[in-house]
Amino acid sequence: MNAHLRHPEHVHAAGAAPEHACCARREAAARAPETEIPAGTIYTCPMHPEVRQLGPGHCPKCGMALEPLLPDADPDDDGELRALTRRFRTLVALTIPVFVLAMGPHLFGWHLPAPWDVIAGWIEAVLASVVVWWGGASFFARGWKSLRTWSPNMYTLIALGTGVAWLYSTVAFLIPGLFPAGFRDVHGRVGVYFESAAVIVTLVTLGDWLELRARRRTGSALRALLDLAPKTARRISANGSETDVSLDEVRAGDTLRVRPGEKVPVDGVVIDGTSHVDESMLTGEPLPVAKTQGDPLTGGTVNQDGALIMRAERVGAETMLSHIVALVAQAQRSRAPLQRIADRVAAWFVPAVVVVAVLAFVVWAAFGPEPRLAHALIAAVSVLIIACPCALGLATPISIMVASGRGAREGVLFRDAAAIEAMRGIDTLAVDKTGTLTEGKPSLGSLETANGFDEARALALAAALERPSEHPLARAIVAAAEARGIATSTVGHFETLTGLGVRGRVDGHDLALGNTGLLDRLGVRVEAKDAARVDALRKEGATVVLLAVDGVPAAWLAVADRIKADTPMALAALREQGVRIVMLTGDNRITAEAIARRLGIDEVHAGVSPADKAAVVTALQRDGRKVAMAGDGINDAPALAAADVGIAMGTGTDIAMESAQVTLMRGDLSGIVRARALSRATVRNIHQNLFFAFIYNAVGVPVAAGVLYPWFGIVLSPMIAALAMSLSSVSVASNALRLRKATLAAYAGIR
């Protein structure tokens, strides 16, 4: 399904992207041995989406573990969590004796007699060394790597803090005579801090474990989408035999059988059989859709009551389900504009923390209580440990990941994080008519002829001309001819004139079918009485196209398109939020204004070309408006691209969806209300996360440096600093996860 994301041409060198500091939030736990990684899987950094490589590893900038670009529904993807759990439990088992041996004398007055005090010291030193150099090995490796590339991050601080504490303790334990009086207590002993180094490594690992559990939940939406696809398909060979094959083996053109109750394996078309298919995963509609020969099928939908034989047309990465998964994954890996705030701070944060740690050491060494140098060392280590930029770096990306998954459940696909952020600021909605405000499935209402043409003959010519076209009006005319049993000829020299109509040659006659602009362009004159009748039909809300045969008006066909059931409610909700509604349509003004009156739309631009639609959007932007454009057709693509946020109907064309930043899979405008509400909730969540991260560091660093000691006698232990650092990132992740169950109605009210 995600093969297109694993192709080598999409892989960039891990170190090729621009450098800037970033936090890392967890160590890389080796995958469980039983977990199989598909060959060619591309891994990326959640904090630096531009970093990609084949296979697992670590980000060269922030040191965090790379993750698969897309989750895989097949492998046991809890292996990493289990491996980290085993590591944490081992570290706890090793750290508890170290803590008890070190703190027992202080907490309970234990004093071991000789030679047990020496033996206890060696046990403490050995166990702490195992914890630091085995449990914290990846911390030091990534800390060193960050210094070599000058991309200081969380692991830079952790490596410095634990490294200094362990090295000092080791020298003090083995060669205490090297230390001057400033390091000795009132009994002349040099204190060691093996327990601090061990507890720091263990607590950081605990934070990584808690955070990894939270992060696993952010990918649940993608895994749920992947689970919609069946694992196998039943393929019918040329000799009629049937075999179950892996979905990866299905190729375009294969004939497949879909039995009652089974999921449709790939996108295709029915070639035999009738049934009803549950397409709620795409449309959100609970009622099944009748399917018969020639009808399209979408992979992941559920066949209900009949057996179907289908021809596979789009497989692997080309299916609609894969497209949805890719869009959600792309949005989750992208960076929101709000992330720039965190990036600017993170760029100087780690160097600033090192400076503060040095200053804390100097001040404590000069003015602190005895033993001054020992207190100075503790203060410096506490500053390095507590000042983790992890929460700051996670504040935006984790909210974006959760929001992207929530949007997928709501039928709203965001292309990137910028679209999620931009939706909340939209104050103008430019909207296409056909297929957006209306169902886009018009039917022929009436047909009137002129100049002596026969009605059946006129319909036969119009249907023959329109048969190659995919326009909804064309399909309505062809369907009307088929319903009446009228045979049609083959069209030659077919040409689509965007925004005007079509022309071609049928049975030796030059035909043109379109609006009055097309007939004017071709020099076809319409009588005043005929023009009046056309206008009357348009005022009733019908779209009228005129047929000219060999330069003579032959008929006009009135096609009606019903307004979508949810459109009035959605537009009313948007107006209550202060959104200005503008209709842009290639249809004529009379028909457009008839629809606009029924929907309460005051501003209408009718008869506009694709370029004109884009020009209107640009003009609104010049007036200072934040514009979203909603459309479903090829002719909407320029306006979708020009808008601040392009919104494509999931029921529309592929080109429209490629041009848009947001896709509404259910094809309803109420999706815009949901998208806007989700955008508000997400940005508010990001602001909360950034506020918490800034406040945490603004308070934590001075306290660790000892600013409260002169007044309250408070000195922060490195162990407490490590616990606070770990819990800060967990708090940010937990806050972001609230978006999964946020009530969007609370964010859809009036601003």
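Buried means under 20% relative accessible area, exposed means over 50%, and partly exposed lies in between (1.4 Å probe, protein chains only). Keep that scale at hand for the exercises below.

The model is predicted, so local features need pLDDT of at least 70 and side-chain atom pairs count only at pLDDT 80 or more, while totals for chains, interfaces and linings use all residues. Residues are numbered from 1 along each chain as its sequence is written, and side-chain values use heavy atoms, with hydrogens and water left out.

**Exercise 1. Find Asn689 and decide whether Asn689 is buried or exposed.**

Step 1: Asn689 sits in helix H24, residues 670-705. Helices (H or I, at least four residues) and strands (E, at least two) are DSSP runs, numbered from the N terminus.

Step 2: The relative accessibility of Asn689 is 2%, so Asn689 counts as buried.

Step 3: Now look for its surroundings, where contact means heavy atoms within 4.5 Å. Leaving aside neighbours within four places in sequence, Asn689 touches Ala395, Ile398, Ser399, Val732, Asn735 and Ala736.

**Exercise 2. Describe the place of Ser275 and what its side chain reaches.**

Step 1: Ser275 belongs to strand S8, residues 275-278.

Step 2: With 5% relative accessibility, Ser275 counts as buried.

Step 3: A polar contact is a pair of N or O atoms within 3.5 Å; within protein, one must be able to donate a hydrogen and the other to accept it, and residues adjacent in sequence count only if both atoms are side-chain atoms. The side chain of Ser275 reaches the backbone nitrogen of Gly306 at 2.9 Å.

Step 4: Beyond four places in sequence, the contacts of Ser275 include Val289, Lys291, Asp305 and Leu308.

**Exercise 3. Work out how many residues of helix H15 are buried, and what caps its N-terminal end.**

Step 1: H15 covers residues 455-466, and its 12 residues reach 16 Å from first C-alpha to last, close to the 16 Å expected at 1.5 Å a residue. The expected span is 1.5 Å times one less than the number of residues.

Step 2: Nine of the 12 residues are buried, leaving H15 mostly covered. Among them are Ala458, Leu461 and Glu466.

Step 3: The cap is Asp454, with a side-chain oxygen 3.1 Å from the backbone nitrogen of Ala456.

**Exercise 4. Explain why the pair of Trp133 and Trp166 is edge-to-face.**

Step 1: Rings of Phe, Tyr and Trp (its six-membered ring) pair if their centres lie within 6.5 Å; planes under 30 degrees apart count as stacked, over 60 as edge-to-face and the rest as tilted. The whole structure holds five aromatic pairs.

Step 2: The ring centres of Trp133 and Trp166 are 5.3 Å apart and their planes are at 85°, so this pair is edge-to-face.

Step 3: Trp133 lies in helix H2 (residues 116-135) and Trp166 in helix H4 (residues 154-174), so the pair ties together parts 33 residues apart in sequence.

Step 4: Trp133 is partly exposed at 42%, whereas Trp166 counts as buried at 16%.
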